[in-house]
Amino acid sequence: MTYPVYLRYEVLRNFRNWRFLFLTLALPLVLYLLIGSVNRHVQFEHVAFPVYFMTAMATLGTMAAVISGCAIIATERATGWTRQMRITPLPARTYFRAKVVVGYLRALLTLVLLALAGTALGVRLPAQGWLTVLGLFLVGLIPFVVLGILLGHLIGADAAALATGGIVTLFALLGGVYGVQVATSGPVFQIIKALPSYWLVQAGKTALGGHDWPAEGWIVIAAWTVVLVPLAVRVYRRDTSRV
Amino acid sequence: MATTNAARAGIVLSRLSKSYGNVHAVRSVDLAIAPGETVAILGPNGAGKTTTIEMVLGLTRPDSGTVTLFGKSPAQAVAAGAVGGMLQTGALVEYLSVRELVTMVASVYPRPLPVEQAMRLAGVTEFAERRTNKLSGGQTQRVRFAIALVSNPDLFMLDEPTAAVDVEGRREFWASIRAVAAEGKTVIFATHYLEEADAYADRIVLMARGRIVADGPATEIKAKVSGRIIRATIPVAGPAGPADTAPLAALPGVTNAERHGEAVILTCADSDLTLRALLSRFPAARDIEVAGAGIEEAFMALTADDNDDELEKVR
């Protein structure tokens, strides 16, 4: 069973929440347009700054887009809606799938808007390049989608917004989103390379040419997913009490 | 309590217990409800009604004991779409119209009622296009009822379903419930209004402090808990003193007598008998009022001997 009607209304109600959507999409887009346009003729790491910064903002923006789902889940729990749905036959699988789809749609919208903004600032990539980045982002975001759902069932509505900001910033900083690598060798670098955000940044860099996404990237993403999914399922199953 | 085969195929709670810390919310509850029965779980706040309902729905895991719904576990019954209801708390999700929300819930059930029919029965048709965050408290409650109706389950679990609903809304609500019950659905509702339980349930299960203290046909339970209170003004006669309640307590049918100056309060098991005697022995009595005793007082009377732990509110 696919529950298309349920999925449709889940998507609809999330995308009608335009304030939330706007706040999620606006930050990376505004940052990109402001900083990107000022530096549009600057070269950075041997590529045009707008290209570089587009991939950086895509990493930041999509991470925020999927993790921020936790705030919506936390609110649904706080109002009792989650419990109301749990006395319906809606399978947990379908519930999760809808949350994942909504998260990905927000990320996709972020990518599309940034690509349009990039094009406006003169970024030109071959179709192959766009598709590669898109595909790698969809894979690299999996742990963050799951993390959003996990947190949504773990923490309260008040804490969710704060947690989103903190986690995104931390992952972005350590993953090298801001163009500064905390470490490029040694044990700290090994830790950084075990973060999914590092590989999301690397996914963005495939657009810059001369970078590829090695097997290590797949392994890290897979490992995080394998750990987080059962955790999220467990937390969801346990989370039936009044909030 | 009849534990017939029919009841076994309905809802069966067996030695069900749940504690939260030191609070024994539900204590070894046994209950069998046959398919098609309409049962009120009546009790004051903290009696364990909500916890019991949540265990039946599988939302709360019992510390011990079992629940079966139509021969299945709560999780299996829920997955089969056999259960629908209104929880005590439950705002609606925002950014959908009433119609969209009811449609969404209908879509996850195997045998839903037509959305239009459920909305009409619940009285939400006239604001069907309104967004769920633009509704009054009473309207929200009706939409929650529409959600329960559209599910078309075998068992309706309704936890204080008429809270925040006006008188007119209540009447319509209970008319719909009666229609549903007439189709053979099982209805269990929690309430702390005796009138509601008496008027709409075939059977009343009385809970206090986590236990079932009485269980039977509505009329029987009503008689048990419907003591009356007589209030009257009786001038203090002679030098007997204002606190002298002995002649009042001696009136037939009186279980307790209080006097505060001229104001007299008599708690009665048989108020008719008391009233006749009162008027003949105290001809000066005036401003006489007869009222039903509050359900809280009735519960206190029924559970007075139950002192093995302190009365604490569960929520």
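Reader: How does the radius of gyration of chain A, with its 243 residues, relate to that of a compact globule?

Author: Happy to start there. A compact globule of 243 residues would have a radius of gyration near 18 Å, and chain A has 18 Å, which agrees. Bear in mind as we go that this is a predicted model. Along the principal axes, the C-alpha atoms of chain A fill a box of roughly 55 × 40 × 35 Å.

Reader: What is chain A built from, in terms of helices and strands?

Author: Chain A has 12 helices and 2 strands. Reading from the N terminus, the order is α-α-β-β-α-α-α-α-α-α-α-α-α-α. Of its 243 residues, 42% count as buried.

Reader: Into which domains is chain B divided?

Author: Domain 1 covers 5–224 and domain 2 covers 227–292. The C-alpha centres of these two domains of chain B lie 42 Å apart.

Reader: Now the interface. How many residues of chain A are in contact with chain B?

Author: First, the general idea: the size of an interface is often given as the accessible area lost when the parts come together. Here we can count residues instead: 22 residues of chain A are in contact with 26 residues of chain B. On the chain A side, α1 (4–16), α4 (69–79) and α5 (81–86) each supply at least two residues. The largest share, 6 residues, comes from α1(A).

Reader: What is the make-up of that side of chain A by class?

Author: The side of chain A that touches chain B has 9 nonpolar, 7 polar and 6 charged residues.

Reader: Which residues touch the most other members of the largest nonpolar core?

Author: That core has 80 residues, and B:Val102, B:Ala146 and B:Val205 touch the most other members. Helix α6 (residues 137–151) of chain B gives the most to this core, with 7 residues. To follow one of these residues in the viewer, select B:Ala146: setting aside residues up to four places away in sequence, B:Ala146 touches B:Val102, B:Ala118, B:Met119, B:Ala122 and B:Val124. Another core lies apart from that one and has 53 residues, among them A:Ala56, A:Ile72, A:Ile142 and A:Val145.

Reader: Let me turn to strands. In which sense do β1 and β2 of chain B pair?

Author: A general point to keep in mind is that in a regular strand the side chains alternate between the two faces of the sheet. In this model, strand β1 (residues 11–20) of chain B and strand β2 (residues 23–33) of chain B pair in the antiparallel sense over 7 bridges. As a landmark, B:Val12 stands opposite B:Ala32 in β2(B). The two strands form a hairpin with 2 residues between them, and B:Gly21 in the turn has a positive phi of about 60 degrees.

Reader: How many bridges join β1(B) to β4?

Author: There are 5 bridges between β1(B) and strand β4 (residues 64–69) of chain B, and these strands run antiparallel. Here B:Ile11 stands opposite B:Leu69 in β4(B).

Reader: How many residues of helix α2 of chain B are buried?

Author: For helix α2 (residues 49–56) of chain B, 8 of its 8 residues are buried. Among them are B:Lys49, B:Glu54 and B:Ile53. After α2(B) comes B:Gly58, whose phi is positive, near 80 degrees.

Reader: Last one: why does A:Val112 count as exposed?

Author: A:Val112 has 12 C-beta neighbours inside 10 Å, so A:Val112 counts as exposed. A:Val112 lies in helix α6 of chain A. A:Val101 lies in helix α6 (residues 92–120) of chain A, but A:Val101 is partly exposed, with 15 other C-beta atoms within 10 Å. Leaving aside neighbours within four places in sequence, A:Val101 is in contact with A:Leu7 and A:Val11.

Definitions and conventions:
Residues are numbered from 1 along each chain as its sequence is written. Chains are lettered from A and ligands numbered from 1 in the order in which they are written. This is a predicted model: local features need pLDDT of at least 70, side-chain atom pairs count only at pLDDT 80 or more; totals for chains, interfaces and linings use all residues. Domain bounds come from an automatic or database domain assignment. Two residues are in contact if their C-beta atoms, placed from the backbone, lie within 7 Å. Helices (H or I, at least four residues) and strands (E, at least two) are DSSP runs, numbered from the N terminus. Ala, Val, Leu, Ile, Met, Phe, Trp, Tyr, Cys and Pro count as nonpolar, Asp, Glu, Lys and Arg as charged, and the others, Gly among them, as polar. The radius of gyration is taken over C-alpha atoms; the globule rule is 2.2 Å times the number of residues to the power 0.38. A residue is buried if 20 or more other C-beta atoms lie within 10 Å of its own, exposed if 12 or fewer, and partly exposed in between; C-beta atoms are placed from the backbone. A nonpolar core is a set of buried Ala, Val, Leu, Ile, Met, Phe, Trp, Tyr and Cys residues joined through C-beta atoms within 7 Å. Two strands pair if DSSP finds at least two bridges between them.
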